[in-house]
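Good morning, everyone, and thank you for making the time.

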Amino acid sequence: MAERAKILVIRFSAMGDVAMTVPVIKEFSAAYPLEELLVISRATFEPFFDGIPNLQFLSFEPKRKHKGFFGLIKLFFELKKCKVTKVADLHNNLRSKVLCLFFFFGGISTVSVDKGRSEKMRLTRKRNKELKPLKLTVSRYAEVFEKLSYPLTLTNNLSPVNNQKPGNEQWIGVSPFAQHLQKVYPVHKMERVLLELAKKGFKLFIFGGSSEEALVAVDWESKHQNITSLVKKMTLGEEMDFIAKLDLMLSMDSSGMHLASLKNVPVVSVWGATHPYVGFLGYGQSINDAVQLDLYCRPCSVYGNVPCYRGDFACMNNLPEQNVIDKVIDKLRDHETAIIS
C-alpha cells in the first residue's frame with residue numbers, strides 16, 4: 001500500500017490571499033481524501049481552515065522564532081519533523097523560496113505558484129495596455145497541485161444559503177476599507193450609499209480592522225439606526241460566523257470579498273485602480289457584480305499600491321453612488337430568487 005502523502009502548503013499572508021487558498025484546499029481535500037495537508041500561515045488566519053479534513057495548521061511567527069534567515073532554518077527543521085513529502089508553495093516570495101530550496105536539497109518535490117507577473121505588467125502598463133482577463137488566482141493555486149500530480153478541477157461556485165432573519169430582514173455586510181487607498185471608494189460617497197440603503201430598510205453591518213476605520217464606522221453608525229459597526233468588536237472566527245448570516249457583502253477589492261466567498265455569500269464589489277481581470281475576483285463571484293468604470297487608465301496597478309498618475313482618481317471619484325446602490329438592490333433580488341428556486 002502506498003504511503004500516505006503529506007503536502008506542505010505555504011501561504012504566509014496577506015489575509016485576502018490566504019482566504020483565496022481555502023476553497024482550493026477544500027476542493028483538494030474532497031478530491032483526495034486520503035492525503036494529508038500541513039498548512040503554514042500566520043496564526044490569525046487559522047479559523048479559515050477549521051473543519052477541513054486531514055488538515056494540520058502550523059503558525060508562522062516572522063517577528064519571533066521564525067525571524068530572519070536563521071528563523072527560516074529553524075522553521076525548516078520544525079516542518080521536517082512533520083515528515084512532509086511534497087511542498088505546494090502558494091506564496092512564491094523570498095521566504096517561501098528559501099524553504100522550497102531547503103526541501104529541494106532534501107529530495108522533496110516542490111512547486112511554486114506562477115503569479116503571471118509579465119501578464120499583469122502588460123495589463124497594468126500605461127501604454128499599449130493588453131486589457132484582457134487573466135487566469136484567476138485560485139486557478140493558479142490549483143495548478144500548483146496539478147504539477148504535484150494532483151489534477152484539480154475547481155467548481156468556482158457558491159451554494160445558495162437561506163439564513164432566516166428576524167422579520168425577514170435583509171442583512172448587508174459592508175467591507176469599505178482596503179490596505180491601499182487606490183482601492184477604497186471615497187468615504188463621503190460610501191456614506192451616501194449606506195444611508196440610502198439604510199433608509200430603504202436594509203440592515204447594514206460594517207467590517208474593518210484598524211482604529212481609524214473604527215472611528216469612521218462609528219460615525220456612520222450614529223447617522224442611522226440600521227447601520228451597525230462591528231469593527232474591532234469580534235475575533236476573526238466570530239466575524240466569519242457572522243458573515244455566514246449575511247444576504248450580501250458590499251466590498252472593495254479586499255479581504256471582505258474573499259471572506260464572504262468562504263461563507264457562500266454573494267458579493268457586490270467596487271473596483272478602482274485595480275480590476276477583476278487581474279485575477280483576484282472572489283471565489284464563486286461574478287464579474288457582472290463588479291461595479292467599475294471603463295477608463296483607458298484602468299487598471300493602473302495589480303494591488304492598488306501605486307498613486308493615481310492622472311492625479312484625479314477618476315476611477316472612484318467619478319463612479320456614481322447610484323450605480324453601487326442599484327447593483328446591491330438588484331443582486332439581493334437575484335439572490336432571494338435563487339434561494340427560493
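What follows is a walk through some helix contacts, some lysines and some backbone features.

Let me say at the outset that this is a predicted model, in which local features need pLDDT of at least 70 and side-chain atom pairs count only at pLDDT 80 or more, while totals for chains, interfaces and linings use all residues. Residues are numbered from 1 along each chain as its sequence is written, and side-chain values use heavy atoms, with hydrogens and water left out. When I speak of helices (H or I, at least four residues) and strands (E, at least two), I mean DSSP runs numbered from the N terminus.

I will begin with helix 1. Two packed helices are described by the angle between their axes and the distance between the axes. The axes here are lines fitted to C-alpha atoms, for helices over the stretch in contact, and the angles run from 0 to 180 degrees between N-to-C directions.

Helix 1, residues 15-31, packs with helix 9, residues 255-262, at an angle of about 20 degrees, and their axes are 8 Å apart. Helix 1 and helix 9 are therefore roughly parallel to each other; angles under 35 degrees count as roughly parallel, over 145 as roughly antiparallel, 65 to 115 as roughly perpendicular, and the rest as oblique. The crossing of helix 1 past helix 9 is left-handed, a term used if the near helix is turned anticlockwise from the far one by less than a right angle, with right-handed used if clockwise. On the helix 1 side, the residues making this contact (heavy atoms within 4.5 Å) include Met-15, Ala-19 and Lys-26, and on the helix 9 side they include His-258 and Leu-262. By class, this contact of helix 1 with helix 9 has 7 nonpolar, 3 polar and 1 charged residues, where Ala, Val, Leu, Ile, Met, Phe, Trp, Tyr, Cys and Pro count as nonpolar, Asp, Glu, Lys and Arg as charged, and the others, Gly among them, as polar.

Which way do helix 1 and helix 5 cross, left-handed or right-handed? The crossing of helix 1 and helix 5 is right-handed, and the axes of helix 1 and helix 5 (residues 137-147) come within 9 Å and cross at roughly 50 degrees. Helix 1 and helix 5 are therefore oblique to each other. The contact is made by Asp-17, Met-20, Thr-21, Val-24 and Phe-28 of helix 1, together with Thr-137, Val-138, Tyr-141, Ala-142 and Phe-145 of helix 5. By class, the contact of helix 1 with helix 5 has 7 nonpolar, 2 polar and 1 charged residues.

Let me turn to helix 7, residues 211-221, whose buried residues are Glu-213, Ala-214, Ala-217 and Trp-220. These residues cover an arc of only 120 degrees around the axis, which puts them on the same side of helix 7, the arc being that of the directions from the helix axis to the C-beta atoms. On the other side of helix 7, Glu-212 and Leu-215 are exposed. Buried here means under 20% relative accessible area, exposed over 50%, and partly exposed in between, with a 1.4 Å probe and protein chains only. The elements covering the buried residues of helix 7 include helix 6 (187-199), strand 7 (203-206) and strand 8 (227-229).

Helix 6 itself packs with helix 7 at an angle of about 35 degrees, with their axes 11 Å apart, and the crossing is right-handed. Val-187, Met-190, Glu-191 and Leu-194 of helix 6 meet Val-216, Asp-219 and Trp-220 of helix 7.

Lys-189 lies in helix 6 and is buried, with a relative accessible area of 7%; leaving aside its neighbours within four places in sequence, Lys-189 is in contact with Met-316, Asn-317, Leu-319 and Glu-321. Lys-26, in helix 1, is partly exposed, with a relative accessible area of 40%.

I will finish with the backbone. The peptide bond from Ser-13 to Ala-14 is cis, with omega near -5 degrees, and Ala-14 is found in the loop between strand 1 (6-10) and helix 1. The peptide bond from Arg-298 to Pro-299 is also cis, with omega near -10 degrees.
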